[in-house]
Amino acid sequence: MQKKKYNISVEATLEVIGGKWKCVILCHLTHGEKRTSELKRLMPGITQKMLTQQLRELEEDGIINRIVYEQVPPKVVYELSEYGWSLKGILDTLCAWGEKHIIRVYGDTEGMLEDSILNKKTTETVKS
């Protein structure tokens, strides 16, 4: 890997988890391993091509593990690696901030967040 000089360390973080979908993928994986089709169903706005690309990049960066089960038909699941779990605090903070932002802009989260286990957890945290 070619050495790169960053102006500030957050650039290194964003290089790994930046973009529209990577943090969303990682948040889903904090709730356990997922197959590609499960992730696609949880994120209907992402294309299959983009999902595959994002998963590959996260795997290359050591953030997630790709596990292939040798069976017919083949089964592939993704999970957070030990290194990926080190992002849990950042992801939780991003979710909490996002919910506060929605409340600030729209006055409430009602109708603004999909019905999801991720949103239930965040809502309970923000209310506390």
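Visitor: How many of the eight residues of α2 are buried?
Guide: This is a predicted model, where local features need pLDDT of at least 70, side-chain atom pairs count only at pLDDT 80 or more, and totals for chains, interfaces and linings use all residues. Buried means under 20% relative accessible area, with a 1.4 Å probe and protein chains only. The rest of the structure largely encloses α2, because its buried residues number seven of the eight.

Visitor: Which residues of α2 are buried?
Guide: Numbering starts from 1 along each chain as its sequence is written, and side-chain values use heavy atoms, with hydrogens and water left out. The helix α2 covers 22-29. Its buried residues are Lys-22, Cys-23, Ile-25, Leu-26, Cys-27, His-28 and Leu-29.

Visitor: In what order do the elements of the chain run?
Guide: Helices (H or I, at least four residues) and strands (E, at least two) are DSSP runs, numbered from the N terminus. The chain has seven helices and three strands. From the N terminus on, they run α-α-β-α-α-β-β-α-α-α.

Visitor: Which residues lie closest to the centre of the largest pocket?
Guide: A pocket is an open set of points on a 1 Å grid over the protein atoms alone, where a 1.4 Å probe fits and protein lies on both sides within 12 Å along at least five of seven lines; lining residues have an atom within 4 Å of a point. The largest one holds about 770 Å³ of space, the volume being that filled by probe spheres set on the points. Of its 22 lining residues, the closest to the centre are Val-24, His-28, Leu-113, Leu-118 and Asn-119.

Visitor: And which element gives the largest share of that lining?
Guide: At least two lining residues come from each of α2 (22-29), α6 (88-106) and α7 (117-127). The largest share, six residues, belongs to α6.

Visitor: Is Tyr-78 buried or exposed?
Guide: Tyr-78 sits in strand β3, residues 75-80. Exposed would mean over 50% relative accessible area, and partly exposed lies between that and the 20% limit. With a relative accessible area of 8%, Tyr-78 is buried.

Visitor: Which residues does Tyr-78 touch?
Guide: Contact means heavy atoms within 4.5 Å. Leaving out residues up to four places away in sequence, Tyr-78 touches Leu-29, Glu-33, Lys-34, Thr-36, Leu-55, Ile-64, Asn-65 and Arg-66.
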